[in-house]
Every structure is written in C-alpha cells, then in structure tokens.
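Here are some friendly exercises to work through with the structure on your screen. Try each task yourself before reading its solution.

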Amino acid sequence: MLARNDLRGIGFCREYSALADEWLRGVAARALGESPKKIALIATGGYGRGELSPYSDLDLLLVYDGFRKVKVVADKIWYPIWDEGVALDHSVRTPKEVFAVANDDLRVSLGLLDGRFIWGDASIAQPILHNIRSMWSGDLGTRWIPVLEKQMRLRHEEQGDLADLLEPDLKESHGGLRDVNVLSAVLLAFPDIAEKTDLTHVERARDTLLDVRVALHRILGRGVDRLQLQEQDQVAERLKFSDADDLMRTVSAAARAVALTTDATWYFHAHQRSGSTIEKSEQLEPGIAVVNSELTISDPSYIQTDPTLVLRLAALSAERNQPMSKASLEQLSSAAPIPEPWSLNAREAFIRLLSAPKGLVRAVETLDTYNLFTKLLPEWSAVRSYHQRNAYHRYTADRHLLEAVCFANDAETPVARRDLLLLGTLFHDIGKGHGGDHTNIGVELVQRMGPRMGFSDDDTAVLVAMVRFHLLLPDSATRRDLEDPATIRYVAAAIGDEEILELVGALARADGLATGSSAWGTWKAQLVDDLVRRVRTALRGEPNTTSPLAHRDLIEQARSEGLVVRHEGDWLLVAARDQPRLLATITGVLAVAGLDVRSADVHAEEGVALDRFYCSPGPRGWPSAEQLSLDIHRALESPHELASALSARIASYAHRPRSARRLEPGAQELPAASDRATVIEVRALDHLGLLHQLATVVADAGVDVKAARLSTVGDFAVDTFYVTDAQGHALGSEKSNDVTLRLGEAVLTTQ
C-alpha cells in the first residue's frame, strides 16, 4: 500500500483499515479454531473510525462473556500483530468491565464512541457499542465533557494554533485532527447544538489534514505528526502542490475551518451551561444585536447603507470576545466595499477593532475565513497564512502581525499617537509573501494604503517610516557598538524626529515579543532602550556622554594575578594580561562549556584586557567562575587541548533543523560605521564554536578586536567585529579587504 501512489489521505486510511479488518479476522479465526460464541473483537479510536494512517496504532478491544479460553485466544491474536511490528493498544474485558472502565476513564469512553465490530459474536459487541453511545448522550457525556474541555484547553495552550504555526502538530494542535474527533463527541452529547452545526467544512478540512498526515508518515517511515520545516517540501511534492508555501496555506485554511467550528461549539456549550441571563435578543449598536449569545446583524438594511458595519461587528466581537453569527458573516459578503478614501467613522471603527487585544486574533481570523478582511485590505492576501519557514518565527505572517498589535496595545512607554502605533504595527510586515525585500515592498504598499484609508499625507509618512525602520533599532542595538558615536549619528539621521523614534521603539518591542523568545529578551530590550535613549538625546542636540569603564578593580586584580573571571547575572567578565589570541581562546573555552555568547566587548589598557560576554547557558547551566578560570589558563598554555575538546563537543552537539529560507553567508566591510575602528559584518549559519572560529581568523590576520556584536536570526548568525591595527587605528583599505576576505572564506568553508 505504501508503494501505491494512487492512494492518499482518507482513501489510504479507509483501505488500510479494511485490509487490517480482513487480516485480523483471519488471525482471530485461526486463534479460536471454531465458530465464535460469546467473544468479539472491536476496533476503537482511529482504527474504529477507519482512519488508520500508515504508522497508526491498532486500538483493539477483545470482549467476552463467559468464554473460558479468552487468555489463550487473546495471546494468539496479539502476538501475530506484534510479530508484524505494528504498534498495538489492546485490552480484554467483559461487558461489565467495559462499562465500568468507561465510567472511570475518559480516553476509553472516547475510543468506544468510535468503536466498530470486526469479528466474532455480534450479539455481544453491538449492544456494547449502542449502549456506550446512549450513555454518552446522557449522564456519561454530561460528566465527562467538562474534563474533556479542560484537557482540550491545556492541549491548545501547549500545542498552539495549527493554522498559524510554522511547524504544527497535525493531530494535537488547535484545529487539528484531535479536535475533529473531540467535536464529534461533544455534538453527540448535545444534540441541540449538533442540529445547528454544519460539519461540511470540517469534514473537508479533516480530509486535507489526513492527506498531509499520510504523506508525512510515508516520507518519514514512522508515525510522526509534527510537520517540520525540513519535511514540508517533500510533502508538498508528494501531494502535487506547487511548493511548500502552497501546501502550508492549504493546511492553515483547513485548520481554521476546524478551529472556527470547534470554538463556536464550545462557546455555545459554555453559554448553555452558565444559564446566561442574556436576553434572546439584545440591541447593542445600530444594526447589531446579540441573539442567543451570537453577535448578529439585526437590521439587514445596514449592510448596504452603513459601510462601517463589518468593522463595528468585528470590533464588538473582539471587545466582548464573542462570536459573530455565520449568517451575518455570509450576509456581509455581499456588502459593498468601504468607499475610498475611508471616512473618519471607518478609520475609527478600524482602530477600535485593533484596540481590543482580548479577541482581536479570533475576530480578524473569522473575518478572513469569510474573505471579509482582504475585502477591507486587499494587501492582506499576501501575508494570509504565509509561512515564513525559518526557525526564527513561531507564527505565520498574518498571525504574527495580529499578535504584534496585541502587544502594542500594552506598550510600556506611552506614545502620542496610539492609533498610528497600532496601524504601523499591523502593517510593518505587510510586504511579506511577494518575494524580494519585504521592507521595501511594504513601504510601497503603505504609501498607497494610507491615502486610500483616508489618512493625511503627514500620517501616511509616519506609517511609511514605521515600516521602513521597523528593523533599524533592534538590528543596530544588537549589531553595532552603542558607545561609538557613528552608530548614534546613523540611527538619528535615519529616523529624524522623536515622534517616529518613540513609535518605532514601541513597534520594536511588540514585533520582538510577537516573534518569540528567540527574538526578544531582557538583553535585547535593554540594548534597544539604551539606543532609544541615546538617539533621543542626539535628536535634541544634547551630547551623549561615554559611559565610564566599570570593573576597574577587575583590571587591577588581573594586573597582579594574570587572569580573573567574574560572573554577574547574564554577563561573564574576563580580565587578563593582553596577549595574542586571547579572545579566540576565551570564546573557545566558553563554547566547550556550553555557553552561547550573544555579545562581546573588548577593552584594553596598559597591557590588560577586559572582555565582557553576554551569555545564555546551555542544558548544563553556568559553570563556576573558578572552573572557567582554570580552563582558560589551561587553554592558553595548551591550545591543542582546547582544539581537541572543541572538536569533541561539536561532534556530540545535537544539530538543529535548518530554516528553509536562509541568508547568504559571507562577510562585508561597513564603511563609516565607526569613528574609531573598521567594522566587518559576517553572516553565517550558526554553530557551536562560530565566534571562536571567527576570532581565530582575526587573530591570524594580525589585527585586534575592540568590540563584537553577535546577533542570531533563527539558525543564522550575523556577527559584527570592530577591528583595529596594533596601534588602535582603523585598518587601511588593503588590510581591511584582506581580513574581510579571510572571514568570508572561513564561513563559506563551514556551511
């Protein structure tokens, strides 16, 4: 069956289940050796539903009533399955035991709801299956549903939204196959909700997800349900999608269909359970009422006469965290577009929607499911379900933008134009999904979108600046020396005024938090805040004072003792008598110790170097300062031992999956980036010991590192070195070209 390319998805599952039925009937018949009486074999769970993927477990229940040889027969059934190497989840029970366990175990109850008679005495199997479903529609379901709901919410929190994740779990994520099965159980328990639930889209979505799951199992040769970056191209090719982006957009659409129906079902159940006192119909705003817990268009005439209706309905949904009715959403699909340029009322309604973070994501994604959000903003279609396919981002582009708006609502520093902050945050990545530089494309799009939405030329210019400079602060803060006046001059000249600075600063925080822990943390937040403070000072025409060198006591101690290591928070400080290859040696020792160096500052005076490293500890935690001091001493005396230890560490290192989209490795000089050093930027795939490798190249070239900034973008590193000659001056052009070439060749040979 695995070799048959004509079988895919639900077709494969059904045929595999049927073949398994036939094979098991033969196994069971041989095991019994006579006509079956008072014994039966029942398929449960996914097998019971006829949804066996290539490496699914066989869920089987052998039920008997007064049958004496049951253990012998059971072993004769189970062992042939194990001999075939198929995973088996099995049990042997009497009817009484079946009902008792179903009362005590939710998982067993759910498995039996999908139960299907395979072999044996139907008179013992069929009553069990019938009675379990009847019990579930009564007291059993009523008792288990709250537990099921709690389990589902915890699972969603842990696994995230399938539609918006770059590497989703097809089964366990919100909107996945597990939710389809849970939905069936909930609707069986509550027939009144089932009557008004249309499962057409859910069944179509289930078939799509099964297509992908079966293909993934076939490619990997094992039962894995997380669709990781490195498998997406192969799955897309196998299922005849144009590319992985096309595949993942289809997966997202299917997951949203499942999630939308699932969430609505649970919402209606919660409304019934709470005995809500909301009247059957309560008018909220002109043309909008809440009817039976749903937001509904109460007067259809508003559809054609009030262009803001869709925005007001969505804003109410986000503010109240309450669903919009399906009928109203379908009615709005025939509404005329908002006249251009947008009126003040339309802009205010849109800002109102963006100002409700509690329900913003669900409200916008609901509009998007009915193609209403792209009707408002056609440019949204390119970022819709766009999988950025790198290890840096957690979400699709559209979900990332909405999450960023939620964080922008909670800006730590007040801004004068909150409306522009929310809009600029929503638009900062609007250029993605087109190919090419997303910032430049986004600038062009927003230059058109601003006037169309009725914003003044000045406001549009601010929105364009937010898009143009949305990466400037975090990139400059993590890749440039903030003590260098050239860095501050460059950023201040680009941004131009304090209003844009405060907006771009708040956007940088929201963008980083929405991207994930790999993009924003205490270290980056402190650097960005420091940069904003320095640039604000420069824009006001005030002098930026250079920070006095701290830790002078450490330098004096090293002057007498030779080497001192101190651990302060996330920083490691190493003071030592200056000598060749000192930075390369220290960074090699830190790599062997499992520390990830994110930033390095190098200061030297009168023969003593003070190196400061901002680090993240590995699984082994922080080594002691005493141990690091001994290791650095040993490495300086025996560099070959360090090389061997680092090679062994690299060999045992668990390599991370690589992003599907990568930066090009190489090195380049950044002219005028510093007043006091030559600045060389190196781009390379991140790996253990990278900084040690690059510092060694610099040392071999006979130049000094005065500062280094190390920035990781997913699995890619962008490292910046401030280098000088032996006299502390910037390099001449010939020497600069030589060092840049050496660094470029070094990263190219290790990619």
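**Exercise 1. Find which residue of β6 is the bridge partner of Ser281.**

Solution. Step one: locate the two strands, β5 at residues 281–285 and β6 at residues 288–291. Strands here are DSSP runs of E with at least two residues, and helices are runs of H or I with at least four residues, both numbered from the N terminus. Step two: look at the direction; β5 and β6 run antiparallel and are joined by four bridges. Two strands pair if DSSP finds at least two bridges between them. Step three: from Ser281, cross over to β6, where the partner is Val291. Step four: inspect the turn, which has two residues between the strands; Gly287 takes a positive phi near 85 degrees there.

A word on the model before going on: it is predicted, local features need pLDDT of at least 70, side-chain atom pairs count only at pLDDT 80 or more, and totals for chains, interfaces and linings use all residues. Residues are numbered from 1 along each chain as its sequence is written, and side-chain values use heavy atoms, leaving out hydrogens and water.

**Exercise 2. Decide whether Thr262 is buried or exposed, and list what it touches.**

Solution. Step one: find Thr262 in helix α12, residues 244–274. Step two: check its relative accessible area, which is 1%, so Thr262 is buried. Buried means under 20% relative accessible area, exposed over 50%, and partly exposed in between, using a 1.4 Å probe and protein chains only. Step three: leave aside neighbours within four places in sequence; Thr262 is then in contact (heavy atoms within 4.5 Å) with Met152, Asp179 and Leu183.

**Exercise 3. Describe the surroundings of Pro341 and the peptide bond that joins Glu340 to it.**

Solution. Step one: go to the loop between α15 (326–332) and α16 (344–354), where Pro341 sits. Step two: examine the bond between Glu340 and Pro341, which is cis, with omega about -5 degrees. Step three: Pro341 has a relative accessible area of 53%, so Pro341 is exposed. Step four: not counting residues up to four places away in sequence, Pro341 still touches Pro451, Arg452 and Gly454.

**Exercise 4. Compare Lys240 and Ser385: what is the phi of each, and is each buried or exposed?**

Solution. Step one: Lys240 lies in the loop between α11 (229–238) and α12, and Ser385 lies in the loop between α19 (380–383) and α20 (397–408). Step two: Lys240 has a positive phi of about 65 degrees although it is not a glycine; phi of Ser385 is also positive, near 55 degrees. Step three: Lys240 is exposed, at 72% relative accessible area, whereas Ser385 is buried, at 4%.

**Exercise 5. Explore the largest nonpolar core and find which residues touch the most other members.**

Solution. Step one: recall that such a core is a set of buried Ala, Val, Leu, Ile, Met, Phe, Trp, Tyr and Cys residues joined through side-chain atoms within 4.5 Å. Step two: among the 86 residues of the largest core, Ile39, Tyr47, Leu60, Ile77, Trp78 and Trp136 touch the most other members. Step three: helix α1 (residues 9–32) gives this core its largest share, ten residues. Step four: apart from this core lies another one, of 68 residues, including Trp380 and Met453.
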